[in-house]
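Subject: Structure handover

Hi,

Here is the structure for you to look through. My notes follow below it.

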Protein chains: 2
Amino acid sequence: MSVASADGAIGIFDSGVGGLTVLHALRDLLPREHIIYLGDTARLPYGTKSPETVQRYAAHAAGWLMRQEIKLLVVACNTASALALESLREWVAPVPVIGVVDPGAAAAVSQSVRQHHLVLATEATTTQRAYTRAIRALRPEAVVEELPCSLFVALAEEGWGDDAVAKAAADKYLGTIRSRVSADRPDTAILGCTHFPLLRGVIAEALGPEIVIVDSASTTAAAVVTRLDELNMRNSAQMPGRLRLVATDGAARFARTGSAFLGQSFGPGDIELTDIHPSDIANAEAQ
Amino acid sequence: MSVASADGAIGIFDSGVGGLTVLHALRDLLPREHIIYLGDTARLPYGTKSPETVQRYAAHAAGWLMRQEIKLLVVACNTASALALESLREWVAPVPVIGVVDPGAAAAVSQSVRQHHLVLATEATTTQRAYTRAIRALRPEAVVEELPCSLFVALAEEGWGDDAVAKAAADKYLGTIRSRVSADRPDTAILGCTHFPLLRGVIAEALGPEIVIVDSASTTAAAVVTRLDELNMRNSAQMPGRLRLVATDGAARFARTGSAFLGQSFGPGDIELTDIHPSDIANAEAQ
């Protein structure tokens, strides 16, 4: 595979709109970079599916982005980062791959006093225990609890991140943690799904003021900057970079639910729809 | 296509486990029939996806069942019934196809005094207004309101059908209906998604005692019996029929979430996993 050029785009994918929180942080730090965002909305969510299926879907999404000649791949989906990162790295080399799990783990370690962490994520992510491994690679003595909170995804998608239903769900998932004695409580809570920043308020309220909420979007964006600088791959243009928003299904829904994640309003006309063809499947499975 | 034989199986599909409520009703009425249930768990949910994508997925599922030489096809998913029934009918003819929308509409009409109906369903189903058309075909003067309640799907999948979170969600979706003056309130509420029977209690409570809850599972099963009798296609064997439970992903999750829908416990070992191959896609798209 040819080495990508510095004026190539950064490719970023997620199962849906959640990764737009990472895109938002990336554009703040790297306004001159071209970015292509792919949301695999025809097959979302990834978080309740099996490792084999998530790996297959992630390979299709990465394959589509590679055909756009990207210079760096960001896996903005925690589930795909937890289940498919190593196989994607091998597959797209020498194009570098940044996931959200390692940056999130590093951020939590740096903000924790007692190295007792709580990871809130999808069922697929928690089953894989990727955050536990990433945190223990930095701090072998760390205590890590991983808690699946599947309903938070649906609440964020419904736009109900800060209402009575979200509060009731946060209390149900997290109520027993707050009621523990202080020494048994985690001191960080990692938002281990890109949908969860939309419920940050109710999560913080349910956990109480002594637990620091850690969000991997901004630390992932910082990791991208570091990597581009190491490789001397920043775009040297002076103009603002181009943004392409691409989805595999449902432009209207993508625009409606995505605007809250991106932090700016956009419409169905701003979305390109694409298909992941059977030829992608053949390519991915031939690897 | 050859005419199916009376000892062939009834094929039934849904995006996931929700259609097991229809399977449950079918087995009660037709204990001697062989039944193959296919849950397309690798691509669920259908209810938030576009009409084109739902039609494609439904064609793949039906195509897989047709290769099992079924004698009748039940589309147990409201979204697929609303968006894909006519194209499936043409495609699988002369095998008869029964969806859940027409039986649900007929049940609502027969139980309503004022012919003012409320349809609770997924976003894709309500956008299509299939229940409105089905009810008006029977009663042109009927008033039909369709209300998307996407979060109910996630609540049912999480097994949270009857707790504080479900109550809060039901109040948020339905609270304003109960507070209307009596003459403006619907007198039936159709559970227009196979997941929703698991939230029947909180839905009934939020709507109040004057609104009759209509569930299409049992009326769909009755429609299957009628159709088999019309075609003289009942299985004449004396032994109980065989049941195959098939999913496209995640046997463990299917078993865990599905048992509540089927009303009996089963394990991952009871599920066959299958793939819907690219050859299915080619066949479906060639139609």
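Two strands pair if DSSP finds at least two bridges between them. Keep that in mind for the strands below. Note also that this is a predicted model.

Strands in chain A

Start with strand β7 (residues 188–191) of chain A. Strand β5 (residues 116–121) of chain A runs parallel to β7(A), and four bridges join them. Within that pairing, His117(A) has Thr188(A) as its bridge partner in β7(A).

β7(A) also pairs with strand β8 (residues 212–215) of chain A. That pairing is parallel too, with four bridges. Here Leu191(A) stands opposite Asp215(A) in β8(A). From β7(A) the chain passes through helix α9 (residues 200–207) of chain A to reach β8(A). This β-α-β crossover is right-handed.

In a regular strand, side chains alternate between the two faces of the sheet. In β7(A), Thr188(A) and Ile190(A) point one way. Ala189(A) and Leu191(A) point the other way. All four are buried.

A cavity in chain B

The whole structure holds two cavities of 30 Å³ or more.

Domain 1 (10–99 + 218–285) and domain 2 (102–216) of chain B each give at least three residues to the lining.

Best wishes

Definitions and conventions
Residues are numbered from 1 along each chain as its sequence is written. Chains are lettered from A and ligands numbered from 1 in the order in which they are written. This is a predicted model: local features need pLDDT of at least 70, side-chain atom pairs count only at pLDDT 80 or more; totals for chains, interfaces and linings use all residues. Side-chain values use heavy atoms; hydrogens and water are left out. On a 1 Å grid over the protein atoms alone, a cavity is a set of points where a 1.4 Å probe fits but cannot get out, and a pocket is an open set with protein on both sides within 12 Å along at least five of seven lines; lining residues have an atom within 4 Å of a point. Grid points are joined across faces, edges and corners, and a volume is the space filled by probe spheres set on the points. Domain bounds come from an automatic or database domain assignment. Buried means under 20% relative accessible area, exposed over 50%, partly exposed in between (1.4 Å probe, protein chains only). Helices (H or I, at least four residues) and strands (E, at least two) are DSSP runs, numbered from the N terminus. A crossover is right-handed if, with the strands pointing away from the viewer, the path from the first strand over the helix to the second runs clockwise.
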